[in-house]
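This briefing covers the chains, their contact, selected residues and the nonpolar cores. Please have the sequence and the model open while reading.

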Amino acid sequence: MIETARDKQFLRPRGLRIDPLMRYYFGSNALLSLVVLILITVFLFREGFGFFPQNLRNLRLYRQAGLEYVDIVRARVDEHTGLSRYLQAIRQKEINRLLAEHVNPGQAVERLSDFDRFSGEFDKTANDLRSLLSDMTEMASAIKEKGGKAEESGAVSPDFKTELVPLLGSFPVYQKTSEKLCRDLEDLLARIPAQPVPGFEPSMEKFKKLATLYIAGFPAAEAKMKSWNPLLPVPWYRAVSSFLFGRDWITNSFWQDFFGVLPLLCGSVMIAVIALSIAVPFGVCSAVYVSEFASIHEQRLIKPYIEFISAIPSVVLGFFGVAMLGQTLRMITQISILSWVPGFPISERLNAFTAGVLLAIMAIPTIFTLSEDALNNVPRGFKEASYALGATRLQTMARIVIPSSLSGILSAVLLGFGRVIGETMVVLLCAGNRIAIPDFTQGIASIFQPVHTMTGIIAQELGEVPRGSIHWRALFMVGILLFFLSLIINYIAQHIVRKFKISIG
Amino acid sequence: MQPPLNPFHRRNTKYRIAEQSVLWVIRLGTYLVLLAASCIFLDIGIKGGRVVFQSAPPFVNVPFLTQKPETLFVFEYHGRKMEMGDADFREFKRINHITRIQAVSYAYSAGGIFPCIVGTVLLVVGSMVIALAIGVSSAVYLSEYSNQGMIVRAIRLSILNLAGVPSIVFGLFGAGMFVLFFKWNVSLMAGWFTLAVMVLPVIITASEEAFKAVPQGFREGAMALGATKWQAIRTNVLPYALPGILTSSILGIARVAGETAPIMYTAAYAVRDELPWQGVQMLHPSTWGNFLFQGVMALPYHIYVVSSKIPQNEYTQRVQYGSAFVFLAVVMAVALGSIILRNYFRARYKW
């Protein structure tokens, strides 16, 4: 009471008392978390939002400077290179086969000499097109540089139409070159050499089919080049859609940067799905076991231990993946008994699966703890009623307890998903970091491909780019996407819990 | 004579067999999880333990814990294979008058991890002080003062959502706000605030639960004796909630220490020669700011650097497993401490 008197003496004259002051102090502190959430939004947008105008300018320049035009030719050349690589792959396989049959290397190469001559000739057919492409590339790069400089200095941008005249003038040359290429290829395909190793005819047949398809693609490309118009406006929404649905994330390229988030999103989601498909069965299993079947001693051991797992720092898990798990998994897949499993043996030590396994270990404690809470929240009466009707423990479990706690388990899974998709260090260290949309045509084996993720790309590239550049802003946009993704996941999880809450006591 | 038939005798009906087999499947699943985790602990524990501990006195590898990281040089000298840290290597060359020698170098692989330990401790202490100051007061408001209103609902919602935000987004936020907008650059301060913001939801939720565990009668008793609300909280609620707050906050420490992504671009340097207190002179207050606005080396970031930027082989394994072991041991000790303390206080404070 003495203190109250003192408070009065000090503060009364000014109309202030300590009690309301404390209230305001605590209140303002509580408000901080709301403020922080708003600040996060503000600062992410502050750094990231300039991305869209910059990206639009980037895309416009891509068209105006004729880079898009040149890329039509480039696609042709790339496809040709792809076919050459296919031939090389066949050669490698044949050599391996021959060596496995104990043919000595010199002889093997000799037997493949016809094939080598063929593939050399095939490679040569595109030489003219390649040199044309490099000429065109130079022209377009020069125009782009001019345009970029003019934009930076604020000067009037050059008249792209006159600049493009020489580039578009190379069209007749292209026509001639491509015609010659088609003729050469058809000639060449007519005299495919016999295979030195039996059993490789099907792959050569496939090659022939692919090459015919390639030749058939020329008219379409030509039509595309004819109808191409540098003055066609790039609509504003392309800036957004090329980010959200763009299939390429190419940066620091001499040619053209693309910022499409799709490969990263695919990588993130794929890893999360792998992780969850491991973590959900194990997490829910152990939750059911601990809450329904385990003895009290087992409970005392298992619960703290799994909580303990959640404290393992993610970077240590990632390190374990790099140092141990990746190598071990690859060694397991090389065991010949397991070769029937699709995708085995795996070629890359660090891939989506390695990262997924480690993330599963991170997600299990989250899923376990929340599902166990949900299971324990099922009213006792439900179980007792079921037992009284003569149901076994298993029946009660499967028909009563799990269905009535399903909403809690579902939200646990969602929160686990949120945790997995937002995890950085494990995927940065163990996912292999190859920026490409995974090749889903391989079916289940595609989980052994290296991928890159949204979180990983931010951590990897933010340190290397200058502030305010389009690349920097693109990384912040990825951050914004992650931020809203996590908010949505959180919202859905809470919604599920609220909507399906059991209200019977 | 047959034994009397017991109607409750366990028979192997098909229901019972089904139940038993399902039970074994989920039991196996549970123990597999524990086994997988144990594999990680054992691998890092054994390989890292070999680096940190030794069989001769003083049993602990003191240089590893007290020296700076150095570049390791591996070379052959008179037919013998030698391994040396940077400083030793230069000294060796000077003494033996060698100017040219073929040596393979591995960054970070010699010396120790002392600056990283120091940096991590500084980061954790600073950010926990900030987070506790803000978090406990927020919890006081939410559990003692607030009534159901729009703003309180919004606050609770934002706490829930903050808890789910990925740590790299906090890193981006810290880089955007503290490092660039406030121009603190890569510094301890920026790291403190970024980590504090990240761990805030954990602290608030934990503290609120601790406040709720204090019986309502304590508050009512104080108020009945004429205390104001603040006096009741200060004398009759805070002291009893404090153990609960502190133990739960230790889990927050484990999270703060374990995260790498938020400090990558706000506080951590891959390599820094000076220790944090060098460059600060007690007698010159103008240099005190240097302490706050300097980047530090941190253990988690160091582990990331040594496991991704240098190759995996017998020479680099020492620093890789050594730092992972030290880090894991510290974080696990903190987590274990929190679990034990929680059980202790649970048993002690029963109302």
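The C-alpha centres of domain 2 and domain 3 of chain A are 42 Å apart. This is a predicted model, in which local features need pLDDT of at least 70, side-chain atom pairs count only at pLDDT 80 or more, and totals for chains, interfaces and linings use all residues. Residues are numbered from 1 along each chain as its sequence is written, while chains are lettered from A and ligands numbered from 1 in the order in which they are written.

**Chain A: layout**

- Chain A is split into domain 1 (2-48), domain 2 (61-238) and domain 3 (263-335 + 343-499); such bounds come from an automatic or database domain assignment.
- Chain A holds 23 helices and two strands, where helices (H or I, at least four residues) and strands (E, at least two) are DSSP runs numbered from the N terminus.
- Chain A is more spread out than a compact globule, because its radius of gyration is 31 Å, well over the 23 Å that the globule rule gives for 505 residues. The radius is taken over C-alpha atoms, and the rule is 2.2 Å times the number of residues to the power 0.38.
- Along the principal axes, the C-alpha atoms of chain A fill a box of roughly 100 × 70 × 40 Å.
- Of the 505 residues in chain A, 35% count as buried. A residue is buried if 20 or more other C-beta atoms lie within 10 Å of its own, exposed if 12 or fewer, and partly exposed in between, with C-beta atoms placed from the backbone.
- Among contacts in chain A with a separation of 6 or more, 78% are between residues 24 or more positions apart. Two residues are in contact if their C-beta atoms, placed from the backbone, lie within 7 Å.

**Contact between chains A and B**

- The contact involves 72 residues of chain A and 69 residues of chain B.
- Helix α2 (residues 18-48) of chain A gives the largest share of the chain A side, 21 residues.
- By class, the chain A side has 49 nonpolar, 16 polar and seven charged residues. Ala, Val, Leu, Ile, Met, Phe, Trp, Tyr, Cys and Pro count as nonpolar, Asp, Glu, Lys and Arg as charged, and the others, Gly among them, as polar.

**Chain B: domains and hairpin**

- Chain B is divided into domain 1 (62-111) and domain 2 (114-348), and the C-alpha centres of these domains are separated by 39 Å.
- Domain 1 of chain B puts 13 residues into the contact between them, and domain 2 of chain B puts in eleven.
- On the domain 1 side, α2 (62-66), β1 (69-77) and β3 (103-111) of chain B each give two or more residues, with the largest share, four residues, coming from β3(B).
- That side of domain 1 of chain B has eight nonpolar, three polar and two charged residues.
- β1(B) pairs with strand β2 (residues 80-85) of chain B in the antiparallel sense over six bridges; pairing requires that DSSP finds at least two bridges between two strands.
- Phe75(B) is opposite Met82(B) in β2(B).
- Two residues lie between β1(B) and β2(B) in the hairpin, and His78(B) in the turn has a positive phi of about 50°.

**Individual residues**

- Most residues other than glycine have a negative phi.
- Tyr108(B), not a glycine, has a positive phi of about 65°. Tyr108(B) is in strand β3 of chain B and is buried, with 22 other C-beta atoms within 10 Å.
- Lys183(B) also has a positive phi, near 55°. Lys183(B) lies in the loop between α6 (167-181) and α7 (188-213) of chain B and is exposed, with 10 other C-beta atoms within 10 Å.
- Arg238(A) is in helix α13 (residues 237-244) of chain A and counts as partly exposed, with 17 C-beta neighbours inside 10 Å.
- Leaving aside neighbours within four places in sequence, Arg238(A) is in contact with Leu56(A) and Leu59(A). The C-alpha atoms of Arg238(A) and Leu56(A) are 7.1 Å apart, although 182 residues separate them along the chain.

**Nonpolar cores**

- A nonpolar core is a set of buried Ala, Val, Leu, Ile, Met, Phe, Trp, Tyr and Cys residues joined through C-beta atoms within 7 Å.
- The largest core has 189 residues, and those with the most contacts inside it are Ile271(A), Val316(A), Ile364(A) and Val478(A).
- Helix α14 (residues 262-293) of chain A supplies the largest share of this core, 18 residues.
- Not counting residues up to four places away in sequence, Val316(A) touches Ile44(B), Ile303(B), Ala324(B), Phe327(B) and Leu328(B).
- A second, separate core of 15 residues includes Leu67(A), Tyr69(A), Met136(A) and Ala140(A).
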